[in-house]
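Hi everyone, thanks for making the time this morning. I'd like to walk you through a structure that some of you have been asking about, so let's bring it up on the screen.

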Amino acid sequence: MKARRNKKQVPSFRKLLKTSKVKLENKLKNKQFKQQSTLKKYRKEQRKLRQAVKDAVSKKPMPLEDPKEKRPGKRIEREEEEQEEALPLDMMDEDDLQLMKELGQRASFLTRDLSSSEPVHAKKRKHESIIDKYEKIPRTMQAAPEKELIHLLPIKDKSGIIPQTREKPVIDNSKDEEDQEEEMDQEEDIIEDPIRELTIEEHLIERKKKLQEKKMHIAALASAILSDPESNIKKLKELRSMLMEQDPDVAVTVRKLVIVSLMELFKDITPSYKIRPLTEAEKSTKTRKETQKLREFEEGLVSQYKFYLENLEQMVKDWKQRKLKKSNVVSLKAYKGLAEVAVKSLCELLVALPHFNFHNNIIVLIVPLMNDMSKLISEMCCEAVKKLFKQDRLGQASLGVIKVISGFVKGRNYEVRPEMLKTFLCLRIKEIEVKKDTEDINKPKKFMTFKEKRKTLSRMQRKWKKAEEKLERELREAEASESTEKKLKLHTETLNIVFVTYFRILKKAQRSPLLPAVLEGLAKFAHLINVEFFDDLLIVLHTLIESGDLSYRENLHCVQTAFHILSGQGDVLNIDPMKFYTHLYKTLFNLHAGATNEGVEIVLQCLDVMLTKRRKQVSQQRAFAFIKRLSTLALHVLPNSSIGILATNRMLMHTFPKTDLLLDNESQGSGVFLPELDEPEYCNAQNTALWELHALRRHYHPVVQRIAAHLIAGAPSEGSHALKPELSRRTALELFETYSMAAMTFNPPVESLNSKRKDKVLQGDSFLNEDLNQLIKRHCKKVATQLPLDFARYFKTSLQ
């Protein structure tokens, strides 16, 4: 007979493409709904079946045959029965269980042969074997004690594997209570002998012993890693696991030691290049054993370095959040010490490994800590950033730090510590990229193309040219130095970010405590500012000075910035800085030997830029006025400041030779000197004399005496009154720093004046006249001291 073909064919791919998307989605939803409904129905039936089985077991009838009787020679049937006991009972329907309950109540069902029982339901054939097997299970008496089978190792026979079991009787509750009482008695006996508590001395000795063991273990691991890093890279993980030390006695100390040890290890074994992850093609290719070993070392090093940085970051976060760990091994007080060590390690890695992986992550961690409330941590991070700026020759690491600092300052709305911006002063930026038109003039040398060589050179010349170009390429590669173009590009981008930060603060936060740092930074980098900003910047600086909100030091920084701008690219601009000259001349007398003595250094820098470097734009009257006022100022300041000011006067007298008129006591021209006038051009300083030099000639500091005598003689370069090379060849700033009083000592030491000793030393009454002595004694005897002096009474009244 021919088989009937299935009319429903599987649709082709082209037909499926024509089928609408909505129809396919509906079919999929219907299929999922059917599966869910079928699953729900199955779960419901299973739940009912389990409940029915529980009811049937609770109402089991008394069996007519003894279950303990063993049938010899029927080991195989016993195995089947044991397997039937383990059959699942949740496959029976509710109707089958109901029938079983009814049959269980009839004695005829129990007395008849079980093998001759016919199926209960003709419709449900699939449950027929399950019911039969269930009925064949022997019933147990309720009074019989419950037995628990213990499965033993099976035995292998000719017939197959024979499982072995043993019955374990259930222990009565009364016996359990007795055992519990015995256990309690034993516990009481144990408690009677408690562990002896250690004294403080013993505890300290034990702690010292544990700490010594941990130190030896750390030293052994570190020395093994240093001796052969590639082979013992796995020991880094073992050493890093000690960061989670759980012994409360030595946990804090051990963690600090491990942090520092790992930091020093990474500084030593880290290569001088950045490790990149391998591509899939590189992983699949076969390599030599040495290459594979190197790859494993690099991969392990990077992963352990990453985990180490994560541990340090977590320590800092725990200290910030003041969250106590569940283990409670480290107290809240110890969090600060751990955080300080972690920050110190991060700072060391920031400076030591700027080329290695995760350096940007370290920068992101360090920069917010520069503004931390803890002064120690803030100073530690600022010093690390300064050190990084000073040693960064290329500028790649400096650019990354500057970007993060600029974003952080802007995000905090310029409410940060001034020390953050003072770190900019350590940037090693002396040159930046100039405009493109000047770049095009000096284009880099390019190699000739093949066509150019063929047109202009002969065959032999082409051969020599090719060898020459090859040699030049090899020399460039052998130098292994960063190109100047890349360096200038990085410096330009860094300085642009710095100036953007400075200008934002000048525009939006003029009364911010960051202003001194901004003005100081502008004074240093002013010669690199674009000419387009000069006019606006000078107007802003003058407005700040006139506002009166700035301190004396900030005013000096404004003047310094203005003249740095004008001394560089600002020479081509037609700007009159007379108002800045007037401001400096007016405020010179605010300096003295007290707190403002530190401002002398800035004044000396300003005078060098304003008078010496701009000598062609300075009039004779202005030079006279500044020399006179500086000579007066030299009387009010410390010796090192006096030396710097007198050295400046010496330079001005050499720059403007006609100022030797101030050494003559006769007045020249018309008018009288007006020392109180604040305009240097109109105070008639040419009609006065430098009488201050004669006072400074008797100064207690020998160097001040020497320079004052040199100026009185007309500052000659030769002769008996000429200065020694150690004084004449140094600038005013160098002399100011050389003879500094910061150490509270004189340099050179000042000679003490020895007074003349008198032959006879008068003592006692011999200083007075005899008549006067008698009068004093007479009045001293008349003083009445008979009355008792009760100081307590007066003390009580004063307290009331």
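This is a predicted model: local features need pLDDT of at least 70, side-chain atom pairs count only at pLDDT 80 or more; totals for chains, interfaces and linings use all residues.

Let's begin with charge pairs. How many salt bridges does a search of the whole structure find? The count is 12, and I'll show you three of them.

One is between Asp247 and Lys210, where the closest N and O atoms are 3.3 Å apart. Asp247 sits in the loop between helix H9 (235-241) and helix H10 (251-269), while Lys210 belongs to helix H8 (residues 200-227), so this pair ties together parts that are 37 residues apart in sequence. With a relative accessible area of 25%, Lys210 is partly exposed.

Next, have a look at Asp372 and Lys320. Their side chains meet in a salt bridge with an N to O distance of 1.8 Å. Here too the pair links distant parts of the chain, 52 residues apart: Asp372 is in the loop between H14 and helix H15 (375-391), and Lys320 is in helix H12 (residues 289-321). Is Asp372 buried or exposed? It counts as buried, at 4% relative accessibility. Lys320, on the other hand, is partly exposed, with a relative accessible area of 41%.

Lys386 counts as partly exposed, at 22% relative accessibility. And to return to Lys210 for a moment: salt bridges that share partners join Lys210, Asp247 and Asp249 into one network.

Now for the surface. Which residues form a positive surface patch? They are Lys40, Arg43, Lys44, Arg47, Lys48, Arg50 and Lys54. Taking Lys54 from that group, you'll find this residue in helix H2 (residues 21-58). Lys54 is exposed, with a relative accessible area of 58%.

There is a nonpolar patch to look at as well. Leu772, Leu775 and Ile776 make a nonpolar surface patch of about 230 Å². Leu775 has its place in helix H33 (residues 770-781), and with a relative accessible area of 36% this leucine is partly exposed.

Let me finish with two single residues. Thr648 is in helix H28 (residues 639-655). At 9% relative accessibility, Thr648 counts as buried. What does Thr648 touch, not counting residues up to four places away in sequence? Its contacts are Leu604, Leu607, Leu630 and Ala732.

The other one is Leu365, in helix H14 (residues 359-369). Leu365 counts as partly exposed, at 22% relative accessibility. If we leave aside its neighbours within four places in sequence, Leu365 is in contact with Glu313 and Leu346. Cys347 gives another reference point: Leu365 and Cys347 are 18 residues apart in sequence, and their C-alpha atoms are 9.7 Å apart in space.

Technical notes: Residues are numbered from 1 along each chain as its sequence is written. Side-chain values use heavy atoms; hydrogens and water are left out. Patches are made of residues with over 30% relative accessible area and no salt bridge: like charges are joined within 9 Å, nonpolar side chains (Val, Leu, Ile, Met, Phe, Trp, Tyr) within 5 Å. Accessible areas come from the Shrake-Rupley method with a 1.4 Å probe; for residues, only the protein chains shown count as cover. A salt bridge is a side-chain nitrogen of Lys or Arg within 4 Å of a carboxyl oxygen of Asp or Glu. Lys and Arg count as positive and Asp and Glu as negative; His and the chain ends are not counted. The place of a charge is taken as NZ of Lys, CZ of Arg, CG of Asp or CD of Glu. Helices (H or I, at least four residues) and strands (E, at least two) are DSSP runs, numbered from the N terminus. Buried means under 20% relative accessible area, exposed over 50%, partly exposed in between (1.4 Å probe, protein chains only). Contact means heavy atoms within 4.5 Å.
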